[in-house]
Amino acid sequence: MTDTNRARPLIYTGLGAVVFVALVIVGFGALSYATDTEVIAAPGLGPLPAVIGIAAGTIAFAGTLLARSLNRPGLGAAALAAVLASAVHLLAVSVAVLFIVPGAAAAVASHLVLGGYSVLVFLAGLLAGALTVVGFRAGTGTPQWPWEKHDDDE
């Protein structure tokens, strides 16, 4: 295995994680604007639970895809990464809120689920995961026209 082939899963996983975070941020902003609600609506929290949730969800997303990249993953790996990212995001935000404002953890978790924010994390993970898996499965060679290919059979 060449150095390029060893770095390939890391590169695609990194790019997939960046796309995942971008989709989550844009999606949260759009959903928050459309529903006129805050993503995490509890007084005294600040941005820390959101940052912890996104970081934990991204680590779960990237870790799942990187672990599955060893054996030519399919779209099932993207779905698994999306489910884990969404679940870990919800859990991390809930635990972070529990330590900052103990009484608000259940309300914040239910708002994330019922407000559609957890579904949005899942959809962002599914889309970014599918794009990453397509990158994993793409050919590694340089594209060539049919007349550029050298046949040794002739």
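This is a predicted model: local features need pLDDT of at least 70, side-chain atom pairs count only at pLDDT 80 or more; totals for chains, interfaces and linings use all residues.
Q: Which helices supply at least two residues each?
A: Helix H2, running 48-68, and helix H3, running 75-100.

Q: And which one gives the most?
A: H3 does, with four residues of the nonpolar patch.

Q: Take Ile-52. Where is it found?
A: Ile-52 sits in helix H2.

Q: Why does Ile-52 count as partly exposed?
A: Because its relative accessibility is 35%, and partly exposed is the class between under 20% for buried and over 50% for exposed.

Q: Zooming out, how many helices and strands are there?
A: Five helices and zero strands in the protein chain. Reading from the N terminus, the elements go α-α-α-α-α.

Q: What's the radius of gyration, and what would a compact globule have?
A: The protein chain has 20 Å, while a compact globule of 154 residues would have a radius of gyration near 15 Å. Along its principal axes, the C-alpha trace spans about 75 × 30 × 20 Å.

Q: How many of the residues count as buried, as a percentage?
A: 37% of the 154 residues in the protein chain. The accessible surface comes to about 9100 Å², and carbon and sulfur atoms account for 70% of that.

Q: What about contacts along the sequence? Which share joins residues at least 24 apart?
A: 82%, counting contacts in the protein chain between residues at least 6 apart in sequence.

Q: Back to H3. How many residues does it have, and what's its reach?
A: H3 has 26 residues and covers 38 Å from first C-alpha to last, close to the 38 Å expected at 1.5 Å a residue.

Q: Which residues of H3 are buried?
A: The list includes Ala-77, Ala-81, Ala-85, Ser-86, His-89, Val-93 and Val-97.

Q: Tell me about H5, then. How many residues, and what does it reach?
A: Helix H5 takes in residues 117-137, which is 21 residues, and reaches 30 Å from its first C-alpha to its last, close to the 30 Å expected at 1.5 Å a residue. Among its other buried residues are Tyr-117, Ala-124, Gly-125, Gly-129 and Phe-136.

Q: What about Leu-131 in that helix, buried or exposed?
A: Leu-131 is found in helix H5 and counts as exposed, because its relative accessibility is 52%.

Q: Switching to loops: where is Val-101?
A: Val-101 is in the loop between H3 and helix H4, which covers 105-114. At 24% relative accessibility, Val-101 counts as partly exposed.

Q: What does Val-101 touch?
A: Pro-43, Gly-44 and Leu-45, not counting residues up to four places away in sequence. Val-101 and Ala-42 are 59 residues apart in sequence, and their C-alpha atoms are 8.5 Å apart in space.

Q: Last one: what's phi for Asp-36?
A: Near 55°, a positive value in a residue other than glycine. Most residues other than glycine have a negative phi.

Q: Where's Asp-36, and is it buried or exposed?
A: Asp-36 lies in the loop between helix H1, 3-35, and H2. It counts as exposed, because its relative accessibility is 70%.

Conventions. Residues are numbered from 1 along each chain as its sequence is written. Side-chain values use heavy atoms; hydrogens and water are left out. Buried means under 20% relative accessible area, exposed over 50%, partly exposed in between (1.4 Å probe, protein chains only). The radius of gyration is taken over C-alpha atoms; the globule rule is 2.2 Å times the number of residues to the power 0.38. Contact means heavy atoms within 4.5 Å. Accessible areas come from the Shrake-Rupley method with a 1.4 Å probe; for residues, only the protein chains shown count as cover. The expected span of a helix is 1.5 Å times one less than its number of residues.
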